[in-house]
Amino acid sequence: MAKALEQELFDYILRLDEAEKKSVLQMLKTFVKGRKNKTAAITIEQYNREIDEAVARVEAGEFYTHDEVIQMAKNW
């Protein structure tokens, strides 16, 4: 599936003139640059550590009930 999509993109890019190619390239750079700020990859070890920390907080009673969250939202 990905290969077919990449091929289709490539086929369309070949049909563009130089100005259009520059415009598409700038658009793609903007997409990728924006994405980097939104997601940061973490290791599986970091992911598991964060899960373990969250479970420990819940087990220690450090959480809000659904009713408490509803009340907080009303008071926002």
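Lys22 is located in helix H2, which spans residues 18–38; helices here are DSSP runs of H or I with at least four residues, numbered from the N terminus. The model is predicted, so local features need pLDDT of at least 70 and side-chain atom pairs count only at pLDDT 80 or more, whereas totals for chains, interfaces and linings use all residues. Residues are numbered from 1 along each chain as its sequence is written, and side-chain values use heavy atoms, with hydrogens and water left out.

Lys22 counts as exposed because its relative accessibility is 61% (buried means under 20% relative accessible area, exposed over 50%, and partly exposed in between, with a 1.4 Å probe and protein chains only).

The structure holds one salt bridge. Of the two partners, Lys21 is partly exposed at 28% relative accessibility, and Glu18 is exposed at 54%.

Helix H1 covers residues 2–15, 14 residues in total, and reaches 20 Å from its first C-alpha to its last, close to the expected 20 Å; the expected span is 1.5 Å times one less than the number of residues. Because the number of buried residues among the 14 of H1 is zero, this helix lies largely in the open. Arg15 lies over the face of Tyr12, 4.9 Å from the ring centre (CZ of Arg or NZ of Lys must be within 6 Å of the ring centre and within 35 degrees of the ring normal).

Helix H3 (residues 44–59) includes Ile51, which is partly exposed with a relative accessible area of 39%. The 16 residues of H3 reach 22 Å from first C-alpha to last, close to the 22 Å expected. H3 is followed by Gly61, which has a positive phi near 85°. A nonpolar surface patch is formed by Ile42, Ile44, Tyr47, Ile51 and Val55, with about 460 Å² of accessible area together. Patches comprise residues with over 30% relative accessible area and no salt bridge, with like charges joined within 9 Å and nonpolar side chains (Val, Leu, Ile, Met, Phe, Trp, Tyr) within 5 Å; accessible areas come from the Shrake-Rupley method with a 1.4 Å probe, and for residues only the protein chains shown count as cover.

Technical notes
Helix = DSSP H or I, 4+ residues; strand = E, 2+ residues; numbered from the N terminus. Salt bridge = Lys/Arg side-chain N within 4 Å of Asp/Glu carboxyl O.
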